[in-house]
Amino acid sequence: MANFYTDNDDMQFLVQHMDLARVAGVMEEGFRFHKEFDFAPADAADAVDNYQRILASMGQVAGDDIAPTAADTDEVGNTLNADGSVTRPAGIDRAIKLLGQAQVMGFTLPYRYGGLNCPALVYSMTNEMISRADASLMNIYGLQGIAETINAFASEDIKQYYLPRMASGEWTGAMVLTEPDAGSDLQAVKTRCFQDENGQWVVNGVKRFITNGCGEVLLVLARSEPEISDGRGLSCIVMERNPKVKVRRLENKLGIHGSPTCEIFFDNAPGQLMGERQRGLITYVMSLMNGARIGIAAQALGIGEAAYRVARDYAHSRKQFDTAIENFPAVRELLVDMSLDVQAARAITYHASFCVDLELGALKRLELGDQSTLTADEKKQLRADSRKYKGYNKLLTPMAKYYASEMSMRVSNQSMAVLGGSGYMKDYSVERNLRDARITTIYEGTSQLQVVAAVAGVISGTCKDVIEEMLAKPTKLDAWPADVASLVEHVRYGLGILDEAVAFVKAQNSNVYRDLYARKLVDIGLYLVLASLFCDYATVNEKKKAVARRWLADKLPLIAALKAQILSGDKSIVDDFETLAGPVPVTE
Amino acid sequence: MGFNCVVCVKQVPDTKRITANAMKDDGTVNRAALPAIFNPEDMHALEEALAIRDQHGGTVTVVTMGLPTACDVLRESLFRGADRAILITDRRAAASDTLATSYILSCAVKKLNPDIVFCGRQAIDGDTAQTGPQLAQKLGFTLITYVENISEVGLNRIVAKRNVGNGWEVVAAALPVCVTVMDTANSPRPQAAKRIMKFKKARSKAEVAKAITDAAAAEAACGELAGKGLLIDTWTLDDIAADLAWCGRNGSPTKVHKIQSVVLTGGEYKEYPNSDAGVAELVGSLISEHTIG
C-alpha cells in the first residue's frame, strides 16, 4: 500500500501553504458551475478539499497500481506491428484504463466537456506523482495540453467531437510537430496541408520523434502557405487517426521506454483546420508548448523524487566500515544536495504553475466569463493580473523546465553515486531514473533554449520584480519574523549582485555576449527566486528554515563566482572557438 | 438483463499498523488505536459486483453494519461506483459475533431481494471468514467461497472459479447465490474524481444528527441530502425486523476466553513410527496440545 501523495510531506506542505483557494476562485469563475454540475464545488473550501482528495486518490493509483509495473514496462517497451499498429506494454494499457476510470484524463478541461476544471498547479502535482511511478506514462497522461489547446482555439464542433472522448480516456493525443529537419527550429516545418477540390483539409509529409504518435488524436503542425517560408506559413490540423496516417517506425531510445516515439507518414491524410490559418506555430503551438514545458518540469520532478528516495533509503540501510554509509560526510553531502535540489525544483515548478493559473484564469474571466457580474474595478484588476502574470510566466515557465530537468539529471546521477555498483545494476530503479531523466532536458525545448527564453526576463527586470514581490511580504504573515528577516537580507544582497551582472551585460551592447553569459545570468536569477520562495516557506515551517539557510550558504558564493565570470569580459569561447574546440573529427 | 447485486463490506482496523495498544484488556480489538480502513478483500468483492453491473446492467448496493463512522467505507464504495449505500447501525447490535452479524445482515439483505450477494473472503481483524458463509446459510442461498473469477452470469446461472488451495474448481450454480471473493480475483478500480467531488458530501442520518443538534434542522438537512441523492440510508434493527434474541451480545455465542501472545520457538523434532500405533500416538499428542480437536 503506497500513496505518493500522503507519503510526500513536501508536496502536502505546499498544498497547505500555496494559495489554492485563490486559484480555485479563478478556475471556478465565482463558483457558478455548481448549479449545472452537481459535483462542481460550491465555494473555495469545497474546491480545495476536492483537490486534496483527488491528489490522495491519484497518489494511491500511482503508488499501488502504476509504480509496480514500471520496471516491466521499461523492459518490454512498445512494439510496431506489421499493420502499422502499435502494441503498448501491458502496464501502460492498464494504467490508461485506470486513469480513465479515475476520471482524470480531462484534468483541466471545462466541466461541459467531461473535465474536472482543475488548475494547472494541481495537474502538475499529479504529473509529478505519475512520473515518480513511471516517467514514461507521463508522456501519455501529461499530454492533456493537446485537449487544452483544442479547447482554447478550436471551433465548438471540433471541441464537441474530440474533448469528451479525450476526457474519458478513450482517446489519447499526440502533438505532431517535429520533422527530420525541423527540431528546435519549428519554422522550418515542411509537411504540407491544403484543401483538396472538395474543401477537405489534407496533410502530406513525414513527422519524426512523435511522442504517442500512435494515439487517436493528432494535432499536426503543417505548412498551409507554401509561399511563406517561416512560421507565419504554418497552420494546425486536428485529425482522428485514420488509414492515411501510417506509423513507419518506432525509435529505439535511451529511456522512457513505455512511451512510443513514432515516425509518421501522412499520405493525403484528412483532418480539420484548428482555429485560423497561419496561427499554427505563432499562437497555437506556442501556447501548447508553454503548458508542455510545465508538464516536463513536473515529469522531471517526479523522476528526481523517485531517484532521491532510493538513495536516501539505501544510504540509511547500507553498511560499510561497520556503519551506515549515510554517516560519511561525502554521502551526506550528496543526500543534502539532492534533497534541496528536489525541493527547489518542486518550488519553482509549482510556483510557475500557480502563475500560469492566475494568468489564464484572469484571461478566461475576461474573455469567456459572464461580463455582467464584473465591476469596472474587477475588470481592471483582471486585466492587470493577466498582463503581470503573462510577463512572469515568460520567465518562470522556461526557468522551471530548465531547473527541474537539469535537477533530474543531477539527482539521478548522484543517486547512482550513493548506490555505487548496485545502482548501476537493474536491481534498483536508479539506472532507469537516470535514463528517463535525460530526455527531459531535451524535448519541449532543450535546456539551452529554455535559457534563451528565460534570460530575456532576467535582463528586462522581470526576474527582479518577481523576487521583490515575494520579499515584500510573506504569504501567510504580515511581516518577516526576525529569524527569517536575516535570510531575506541575504537574498537582497544577492539581488544587488544580479543588478550588477545585468548592468554589465547590458553595457556590452552585444547579443553574442548576452547569449554567451545567458546561462550564468539565469542561474543567478533562479537561485534568488528559489531563495525568496524558501524564505516564504520558512515563515511557517521549521524544516524549511534549515533549507533556506542551507540554500543561501550554498548558493551565495556561487552567485558571487558567476558574477565574477560575467564581469570578466572574457569571450574566448566565441573568439578562440576553433582553437579551443579543435578541428572537426575526420571520419574515414 | 441486469442483476441486483448486494455487497457486504466492513470497516476494519488497519492491522498492518498494529502497535502494543492494539488490544484492550478484555481481549477485544482497541479500534481507537488503529486507523480504520476498507477491509481489503471487500474491495475486491465490490469490484467483482461493479464489473458484473458494467457488463450486464443492474445495480450495486453496498451494505455495512457498524457505527456511523463506518459510513467512510460506504462513501468510498460510492466513489468507486456503487449505486446505493446502506448503513445498518443500532446500539443493540453492539458486540455481535459472526453469527449475530450474519443474522443481522441476512435480515437487511432479504429486504433488498438480490440475485448475487458478494462478500470479501475474510476480514483482516477477526480473520474468521465465517460471516459470508453464515449469511448464505441464513438467506438459503447457494454459497460459493474463495472465488477468483466469475466467467459467466446469465439467466438463473452463475459459473465461478474457486481457489481450493492446491488447485481450482469451476462450479455452476443457480441464482440467487452468495459468493466470497479473494484478493486475487481482480484489481479494484480507482476512485472516480467526479464521484469523489459529489459523494464526499453523502451523509447518513446519524452523521447529520451529530453535526446538527437541532432535530428539526437536522431533519431538513436530511431532506435536502435525499433530494440530491446524497442521503446514505440508515437502517436500525427495527427497520429490518430483526429478532433481538439473535442480535448483539444475546445472539453471540462466541466468548473470548483468553488472549495469549504466542511466541513460536523451534524445538527438537520427534519421530513417530510408520504404523497404526504411531499414527494414533501422533494424533493423541496433537489433540493434547490443542493443535487439533
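This is a predicted model: local features need pLDDT of at least 70, side-chain atom pairs count only at pLDDT 80 or more; totals for chains, interfaces and linings use all residues.
Local features need pLDDT of at least 70 and side-chain atom pairs count only at pLDDT 80 or more, while totals for chains, interfaces and linings use all residues. Residues are numbered from 1 along each chain as its sequence is written, and chains are lettered from A in the order in which they are written.

**View 1. The fold of chain A.** Chain A has 22 helices and 11 strands, where helices (H or I, at least four residues) and strands (E, at least two) are DSSP runs numbered from the N terminus. Its radius of gyration, taken over C-alpha atoms, is 24 Å, close to the 25 Å that the globule rule (2.2 Å times the number of residues to the power 0.38) gives for 588 residues, so chain A is as compact as a globular protein of that length. Of these 588 residues, 52% are buried, that is, with 20 or more other C-beta atoms, placed from the backbone, within 10 Å of their own.

**View 2. The fold of chain B.** Chain B contains eight helices and 12 strands, and its C-alpha atoms fill a box of roughly 75 × 50 × 35 Å along the principal axes. Buried residues make up 40% of its 293 residues.

**View 3. The side of chain A that touches chain B.** Here 14 residues of chain A are in contact (C-beta atoms, placed from the backbone, within 7 Å) with 12 residues of chain B. On the chain A side, α3 (44–66) and α5 (90–101) each supply at least two residues, and α3(A) gives the largest share, six residues.

Conventions. A residue is buried if 20 or more other C-beta atoms lie within 10 Å of its own, exposed if 12 or fewer, and partly exposed in between; C-beta atoms are placed from the backbone. Two residues are in contact if their C-beta atoms, placed from the backbone, lie within 7 Å.
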